[in-house]
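Hi,

Here is the structure I promised to pass on to you.

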Amino acid sequence: MQGNRAQQNHGGSNNSTRRPGGGTNGQQPEPNRANEALTLDLQGFRKPGEKTFTQRSRLFVGNLPTGVTEEDLEKLFAKYGKANEIFINKERGFGFIRLETRIIAEIARAELDDTTFRGRPIRVRFATHGAALAVKNLPDFVSNELLEEAFAVFGQIERAVVIVDDRGRPTGKGIVEYTSKPAARKALDKCSDGAYLLTAFPRPVTVEPMEQLDEEEGLSEKIINKNQQYHKGRG
């Protein structure tokens, strides 16, 4: 998994595994001391051309102590770079924060989840993606790129992925993540009549809301088998 590889790369720069506050394994330091420790080399956790500050890098932070502010949450996550969205529900004790990339968010989640903040163990999870759609009945020759192209007519897309099995074969399912809920709703409404065709291939896809995201990278143009059926379907 990308997050695991990223954590290994980060950990390799130290002689011992650090918790957010600069302590070692077996300790539970206060994570609000993270800005006193070395910050991440954030350049190493960005892919060329990667979209930043997307819904996929948005974290839910729960079990927050009473009185925590947006500024406190920003300081707690300062080690992981600048955030462009911070929200606190003071009455219910939870908040959201959006970091620059998915990998950086994965590192933050791994390091901060279940650590003690002002006497309380906080929970850090990935937030539900409110503009994600599950696409089914995809032809085998549809790639990530073609899926994105087909659904981009409804709005700006963060990610489009064709789900493959453990052998790299397409499963007929995919994920389309928009940057906004209105775009996702527009796509959902258009496809609800069962007549939306991605290609000339007479096989309408089905679309439904999706809350849990699949982490597969999908089927890209670089690895797809461009046989005669593929070219015929794309025509």
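A word on conventions before the findings. This is a predicted model, in which local features need pLDDT of at least 70 and side-chain atom pairs count only at pLDDT 80 or more, while totals for chains, interfaces and linings use all residues. Residues are numbered from 1 along each chain as its sequence is written, and side-chain values use heavy atoms, with hydrogens and water left out.

Helix α3 (residues 102-112) lies across β1 and β6, and runs at about 155° to β6. Helices (H or I, at least four residues) and strands (E, at least two) are DSSP runs here, numbered from the N terminus. Axes are lines fitted to C-alpha atoms, for helices over the stretch in contact, and angles run from 0 to 180 degrees between N-to-C directions. Contact means heavy atoms within 4.5 Å.

Both of those strands belong to an open, antiparallel sheet of four strands, ordered β2-β3-β1-β6. Its edges are β2 (85-89) and β6 (123-126), each of which pairs on one side only. On average, neighbouring strands in this sheet are turned by 15° against each other, direction ignored. Two strands pair if DSSP finds at least two bridges between them. Within the sheet, β1 (residues 58-62) and β3 (residues 94-98) are antiparallel partners joined over four bridges, and Arg58 stands opposite Arg98 of β3.

Next, the charged pairs. The whole structure holds 13 salt bridges, where a salt bridge is a side-chain nitrogen of Lys or Arg within 4 Å of a carboxyl oxygen of Asp or Glu. Three of them may interest you:

- Glu85 and Arg98 form a salt bridge at 2.6 Å, N to O. This pair ties strand β2 to strand β3, with the two residues 13 apart in the chain. Arg98 is buried, at 14% relative accessibility; buried means under 20% relative accessible area, exposed over 50%, and partly exposed in between (1.4 Å probe, protein chains only).
- Asp72 and Arg118 meet at 3.3 Å, N to O, in another salt bridge. Asp72 sits in helix α2 (residues 70-76) and Arg118 in the loop between β4 (116-117) and β5 (120-121), 46 residues apart. Asp72 counts as buried at 15% relative accessibility, whereas Arg118 is partly exposed at 42%.
- Glu106 and Arg102 are joined by a salt bridge of 3.4 Å, N to O. Because they are four residues apart in helix α3, about one helical turn separates them. Glu106 is buried with a relative accessible area of 2%, and Arg102 is buried too, at 9%.

Elsewhere, salt bridges with shared partners connect Arg56, Arg159 and Glu177 in one network.

Which residues does Val68 touch, leaving aside its neighbours within four places in sequence? They are Ile88, Lys90, Phe117 and Arg118. Val68 lies in the loop between β1 and α2 and is buried, at 3% relative accessibility. Its C-alpha is 7.0 Å from that of Lys90, although 22 residues of sequence lie between the two positions.

Then there is strand β7 (residues 132-136), which is mostly covered, with four of its five residues buried. β7 pairs with two strands in the antiparallel sense: with β9 (residues 170-178) over five bridges, and with β10 (residues 206-209) over four. Ala134 stands opposite Ile175 in β9, and Val135 opposite Val207 in β10.

Last, the nonpolar cores. A nonpolar core is a set of buried Ala, Val, Leu, Ile, Met, Phe, Trp, Tyr and Cys residues joined through side-chain atoms within 4.5 Å. The largest has 24 residues, and Leu147, Phe151, Tyr178 and Val207 make the most contacts inside it. Elements giving two or more residues to this core are β7, α4 (144-151), β8 (157-164), β9 and α5 (181-191); α5 gives the most, with five. Beyond its neighbours within four places in sequence, Tyr178 is in contact with residues including Leu133, Phe151, Phe154, Ile157 and Ala187. A second, separate core of 23 residues has Leu64, Ile88, Ile103 and Ile122 among its members.

Enjoy exploring it!

Best wishes
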